[in-house]
Amino acid sequence: SALVFGGSVGTDPTVEKNETESFNGTAFDELATMNKTRRLHYGLGTQNAALAAGGKTSTPSAAIVANSEEWNGTSWYAAADLNASKGFGAAGGTQNAGIIFGGSENLSASDTNGQTETYDGTGWTERNDMIVSRQALAGAGTQNAAVAFGGQNAPAGGGVELSCTEEWNGTSWSVVNAMGTGRRNVGGGGSQSSAIVFAGTVAAS
């Protein structure tokens, strides 16, 4: 079972959506909409207990936001704000023990960060930054055992697609074996010790 929420569609990627759909292994079903339209947000949790945080919204006007919403299997309701407005990063964990990392505070290629925040079901706490700041990365794992891979750094760092992989032990990040090919806008899933990364964009040849 899975849950998908928010994003953008069509020829104009700047138009954010608030739709929610669940997947039962065979087909998707439309569910209640989110309170805010948003794309490039952090998403984590399960089909019946999810969390959406940050990203870019058009509700009521275009802005990068810090607010978050929790899903209870039926509807979305407001939750605590992030410590900074941002998006375009990765996430892991559960609704009551979540983690987000990396991203951008202006959702442009000129700005990346390595910020890490954890969520306890009530509020967000700033934690130690990643070693390599990046956006458009993927992640997997839990609040105390996460993994981050791929992404892109800012132009000041070359603006290149990254193969760098980092692991989180609940306190700090460490660099581990790199991916075979550096790429951004990747997908990922699994656990810290059994993860998968797929798709993405590689550097222009």
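In this predicted model, Arg 134 sits in the loop that links strand S13 (124–127) to strand S14 (138–142). Arg 134 has a relative accessible area of 0%. The cut-off for burial is under 20%, so Arg 134 counts as buried. Its side chain reaches the backbone oxygen of Val 132 at 3.3 Å. Beyond the neighbours within four places in sequence, Arg 134 is in contact with Gly 102, Gly 103, Thr 112, Asn 113, Ala 148, Phe 149, Gly 150, Gln 152, Leu 162, Cys 164 and Glu 166.

Gly 103 stands opposite Asn 113 in S12. Strand S11 (residues 97–103) and S12 run antiparallel and are joined by five bridges. S12 also pairs with S13, again in the antiparallel sense, over four bridges. Here Thr 118 stands opposite Thr 125 in S13. S12 and S13 form a hairpin with four residues between them. In the turn, Gly 121 has a positive phi of about 95°. Strand S12 (residues 113–119) is largely enclosed by the rest of the structure, because six of its seven residues are buried.

The largest pocket holds about 980 Å³ of space. It is lined by 32 residues, of which His 41, Gly 43, Gly 89, Ala 91 and Gly 188 are the closest to its centre. Strand S1 (2–5), strand S4 (42–46), strand S10 (90–94), S14 and strand S18 (187–191) each give two or more residues to the lining. The lining comprises 16 nonpolar and 16 polar residues, with no charged ones.

Notes
Residues numbered from 1 in each chain as written. Predicted model: local features only at pLDDT ≥ 70, side-chain atom pairs only at ≥ 80, totals over all residues. Heavy atoms only, no water. Buried < 20%, exposed > 50% of the residue type's maximum accessible area, 1.4 Å probe, protein only. Polar contact = N/O pair within 3.5 Å; in protein donor to acceptor, adjacent residues only side chain to side chain. Contact = heavy atoms within 4.5 Å. 1 Å grid on protein atoms, 1.4 Å probe; cavity = no way out; pocket = protein on both sides within 12 Å on 5 of 7 lines; lining within 4 Å. Points joined across faces, edges and corners; volume = space filled by probe spheres on them. Nonpolar A, V, L, I, M, F, W, Y, C, P; charged D, E, K, R; others polar. Pairing = 2+ DSSP bridges.
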